[in-house]
Amino acid sequence: MPRSSRVVTIRREMLQIIDIGANLTHDSFDADRDAVLSRAAAAGVTRLIVTGTSVTSSVQAGALCEAHPGTLFATAGVHPHHAADFDAHSATALRSLLANPAVVAVGECGLDFFRDFAPRDAQRRAFAAQLDLAADSEKPVFLHQRDAHDAFVEILAPQRNRLVGGVAHCFTGGAAELAAYLDLDLYIGVTGWVCDERRGSELRAALPRIPLDRLLIETDAPYLLPRDLKPKPQGGRNEPAFLAHILERVAAGVNRSPASVAAATTANAARLFGLPETPTA
Ligand SMILES: [Zn+2]
């Protein structure tokens, strides 16, 4: 056997990673969603959690999972940007989606005072209501927080004991925010933000403080294309296959091998989201 193909075989066996945040229902994937999933599989991304950001996208995410059982899982929730639309009908719709075993978390939900696309009191109400849904359904929460740390912790902390678990998705903060989330026994989701020379320095400094058994990796595709990716894809769209690149950057940041970070983050994702055992190929 030629030496090079043997190396490739070993590499593929080692890499088994889970993208815990992919916005696969985004219309930028409409033309080539199956090709995107094939490239993800070829890059070692064996399972993906499709992010729901509204009732409509959560329904779409659930349907996508039905078409790819065992590979795709979904969250169901209303992003703080859409909090003004959250009402009793939304809660009912999310509750029925959460009855689907492939829908493994509530969210993304939380607070975003950076964009302030929805009034802050509407954001607080929608967030609190989704924490209730998570407690009732005994599913973890997929959390979004931007420029709203104090208000976010104020709402989440008193409810934490009712929740089975949660992840602070797309964590970009520093040591103090990290400590607060670890105190709440949350998992920490790291995206390609870590690859950004300009904006990612605080995150890179905090990275070694994340316990290995709390670390998760995600692309947040089609957003947050890793800035140092070469060559850059046309159109600048991020996709789950690039999780392998993020894994390498995260592994360098915590001074561990990519294989050990792959194994740990995969086990963490399976534990948090209660993913079924996959048959080993
Ligand atoms: Zn988010």
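A residue is termed buried when its relative accessible area is under 20%, exposed when over 50% and partly exposed in between (1.4 Å probe, protein chains only). By this criterion His144, at 12% relative accessibility, counts as buried, and Glu108 is likewise buried, with a relative accessible area of 3%. The model is predicted: local features need pLDDT of at least 70, side-chain atom pairs count only at pLDDT 80 or more, and totals for chains, interfaces and linings use all residues. Residues are numbered from 1 along each chain as its sequence is written, and side-chain values use heavy atoms, with hydrogens and water left out.

Glu108 (OE), His144 (ND1) and His169 (NE2) coordinate the zinc ion at 2.1 to 2.2 Å; donors are N, O and S atoms within 2.8 Å of the metal (3.2 Å for Na, K and Ca), and because water is not among the atoms, sites may look incomplete. The spacing of the donor residues in sequence is E-x35-H-x24-H. Since Glu108 belongs to strand β4 and His144 to strand β5, the pair ties together parts that are 36 residues apart in sequence. Strands (E, at least two residues) and helices (H or I, at least four) are DSSP runs numbered from the N terminus.

The largest pocket, an open set of points on a 1 Å grid with protein on both sides within 12 Å along at least five of seven lines, has a volume of about 870 Å³, taken as the space filled by probe spheres set on the points. Its lining comprises 33 residues, with His79, His81, His144, Asp220 and Tyr223 nearest the centre. β5 gives the most to this lining, with four residues.

Terms used:
On a 1 Å grid over the protein atoms alone, a cavity is a set of points where a 1.4 Å probe fits but cannot get out, and a pocket is an open set with protein on both sides within 12 Å along at least five of seven lines; lining residues have an atom within 4 Å of a point.
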